[in-house]
Each structure stands twice: as structure tokens, then as C-alpha cells.
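Reader: Could you show me how to read strands and cavities in a protein model? I am new to this.

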Amino acid sequence: MKAFVDENVCIGCELCAGICPEVFSMDDGISVAITEEIASDDEIAANDAMDSCPVNAITID
Ligand code: F3S
């Protein structure tokens, strides 16, 4: 599984980076996801981050 953040939708609330810093980090006020596969240990937190995003900017696939 990989995570993607739509930079045109993210409002920079930082929730995802707080919930799953292994996958999401803030860059210039916008979240960026790692380009690698999500480690199996991080999948639950990454999904929580996706579900918590107030503007649904995150896709995990
Ligand atoms: Fe942006 Fe949503 Fe994260 S608004 S900072 S992708 S929780």
C-alpha cells in the first residue's frame, strides 16, 4: 500500500503528520507522504490519518 496526498486539497491541518509521522510529514505547510510502500506496522496509523483528514486529501491504495 502507498499513500498519496492531493496537494491541491490539503489545508495543512497537520493531523495526518501527528497521527502517522512515519508516513506523513509537513513540507511548506502541506502534507507529503513517503513515496515508499507503507510498512505493515504503520498501516493502521496511516489509515487512521486518512480517515481523520478533514478535507479527504489522503488516498491509500
Ligand atoms: Fe493536509 Fe489532511 Fe494532512 S488537510 S495536513 S492531508 S490531515
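Author: Look at Ser25, which stands opposite Val32 in β3. Strands here are DSSP runs (E, at least two residues), numbered from the N terminus, and two strands pair if DSSP finds at least two bridges between them. This is a predicted model, where local features need pLDDT of at least 70, side-chain atom pairs count only at pLDDT 80 or more, and totals for chains, interfaces and linings use all residues. Residues are numbered from 1 along each chain as its sequence is written, and side-chain values use heavy atoms, with hydrogens and water left out.

Reader: How many bridges join β2 to β3?

Author: There are 4, and β2 (residues 24-27) runs antiparallel to β3. Their hairpin has 2 residues between the strands, and Asp28 takes a positive phi near 55 degrees.

Reader: How do I read the faces of a strand?

Author: In a regular strand the side chains alternate between the two faces of the sheet. In β3 (residues 30-33), Ser31 and Ala33 form the covered face, while Ile30 and Val32 form the uncovered one.

Reader: And how is empty space found?

Author: Rolling a probe the size of a water molecule over the atoms shows where empty space is left. A cavity is a set of points, on a 1 Å grid over the protein atoms alone, where a 1.4 Å probe fits but cannot get out; lining residues have an atom within 4 Å of a point. The search of the whole structure finds 1 cavity of 30 Å³ or more. Of its 13 lining residues, the closest to the centre include Cys10, Gly12 and Cys53.

Reader: Where does the ligand sit?

Author: The ligand sits in the largest cavity, meaning that more than half of its atoms lie within 2 Å of the grid points.

Methods:
On a 1 Å grid over the protein atoms alone, a cavity is a set of points where a 1.4 Å probe fits but cannot get out, and a pocket is an open set with protein on both sides within 12 Å along at least five of seven lines; lining residues have an atom within 4 Å of a point. Grid points are joined across faces, edges and corners, and a volume is the space filled by probe spheres set on the points. Buried means under 20% relative accessible area, exposed over 50%, partly exposed in between (1.4 Å probe, protein chains only).
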